[in-house]
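I opened the model and kept notes as I went. The entries below follow the order of my look-ups.

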Amino acid sequence: MQKKIAVINDISGFGRCSISVSLPVISYLGVQCCPVPTSVFSNHTGYPHFFFDDYTDRMPEYIDNWKRLGLRFDGIATGFLGSARQIQIVKEFIHGFAGEETQIVIDPVMGDNGKLYSTYNEEMCREMKKLITHADIITPNLTECCRLTDTPYKDAGWKKKELYRMAETLSAQGPEKVVITGIKQGEFIANYVYERAGENQAFVREPRWIRTHKVGTERSGTGDVFASIIAADAVNGVAFDKSVKKASGFVKKCILKSIELDIPKTDGVCFEEILYQLKRN
C-alpha cells in the first residue's frame, strides 16, 4: 500500500507556506499527504492584511471522523501550532493514530533570530517541550533549539561541543534524530545533524555538519519545504543525513530560482519550477 503522512498545520491560500507547500512536496516524493488543518489563512501574516479562521474547535470532530475510518499513518508531521490547546490535540492525535513504525516528525515552529513569534507564549513553550518527547525526528532552528534546552541564544560563534550538548539534551527526551537548522558560519548556513542508532538507539553516530553557501535573503515557507522532505524521506527509509543534505540543497535551489524569476520575498520560493529535481531516492 502507498504510504501516508498526516500533516498537522495551517492552510495558507497564498504565499507558499504550511500545508500549501507540504502537500505537493510530499506527494512528489511518492507519499500520500493527508492534511489536518489547524487554521485557514487567505495568505500568510507577512502581508499587510489577511483573512484568518481558527480551526481549533473543529479539529476534534474532524479527527474523530478519521478515527471512525480506522486510519493509521506511516508518518505524522507537525508544523505551526497556534495555541497550547492545539499542541494538546496533537499529542492526542499521535496517541490515537501512530503505530509502532510510524515516524513522528515535529517541526517546533516557535520563533527565529533569537525571538519567539508574536503568537507564542511561555505556556506554549512548556507544552512544546512536552510534545517533542513523542517525536522520532525534530527539526528546530537555532532559536527554537535554545528555547527548548533553556540555552542562551547567540547569533553566531557556536562551538561543536555546545551544539552537541543541546542536541544530546533534546534527543535524551525522546527524538532519535535531531537536526538544528539555520546556523550561521560566515558565508555558509549550516545544519547540525545528530542521530542515535544501534540496538535501543544506544549508539550516537558521529554528528555531521551539512553546509550550503548563503544565497539571497530569508523567505517564507523554506522551513516547510525542508521539513516536508525530511518527513517524506523518513517514511521512505532514506538515511537521515542524506535526507538533510537533499533538503538543504533543494531549498538553496528554490531560493536561487526565486531570485532568477524576481519572486517577491513574501511570495516564498517557487519550488514548483524545480520540483522535478527532487529525486525520489
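Which residues is Ile180 in contact with, leaving aside its neighbours within four places in sequence? I found Pro140, Asn141, Leu142, Cys145, Leu163, Ala167, Ala190, Asn191 and Tyr192. I took contact to mean heavy atoms within 4.5 Å.

**Ground rules.** This is a predicted model, where local features need pLDDT of at least 70, side-chain atom pairs count only at pLDDT 80 or more, and totals for chains, interfaces and linings use all residues. Residues are numbered from 1 along each chain as its sequence is written, and side-chain values use heavy atoms, with hydrogens and water left out.

**Cores.** I looked up the largest nonpolar core and got 44 residues. A core here is a set of buried Ala, Val, Leu, Ile, Met, Phe, Trp, Tyr and Cys residues joined through side-chain atoms within 4.5 Å. Buried means under 20% relative accessible area, exposed over 50%, and partly exposed in between, with a 1.4 Å probe and protein chains only. Ile76, Phe93, Met128 and Ile180 have the most contacts inside this core. Helix α3 gives the most to this core, with seven residues. I noted a second, separate core of 36 residues, which includes Ile19, Val235, Val244 and Leu275. In soluble globular proteins, nonpolar side chains tend to be buried together.

**α2 against α3.** I checked helix α2 (residues 59-68) and helix α3 (residues 84-97). Helices are DSSP runs (H or I, at least four residues), strands are E runs of at least two, and both are numbered from the N terminus. The two axes come within 11 Å and cross at roughly 5°. That makes α2 roughly parallel to α3. The cut-offs are under 35 degrees for roughly parallel, over 145 for roughly antiparallel, 65 to 115 for roughly perpendicular, and oblique for the rest. Axes are lines fitted to C-alpha atoms, for helices over the stretch in contact, and angles run from 0 to 180 degrees between N-to-C directions. From α2, the contact uses Met59, Pro60, Ile63, Trp66 and Lys67. From α3, it uses Arg85, Gln86, Ile89, Phe93 and Phe97.

I counted 13 of the 14 residues of α7 as buried, so α7 is largely enclosed by the rest of the structure. Gly237 follows α7 and has a positive phi, near 80°. I then went to Phe250, in helix α8 (residues 240-260). Phe250 has 3% relative accessibility and counts as buried. Beyond four places in sequence, Phe250 is in contact with Val225, Ile229, Phe271, Ile274, Leu275 and Leu278. Phe250 and Ile229 are 21 residues apart in sequence and 9.3 Å apart in space, C-alpha to C-alpha.

**Strand β10.** Is Ile189 buried or partly exposed? Ile189 lies in β10 (residues 188-197) and, at 27% relative accessibility, counts as partly exposed. Asn191 is also placed in β10, but Asn191 is buried, with a relative accessible area of 6%. Among the residues Asn191 touches are Ile180, Trp209, Phe226 and Val244.
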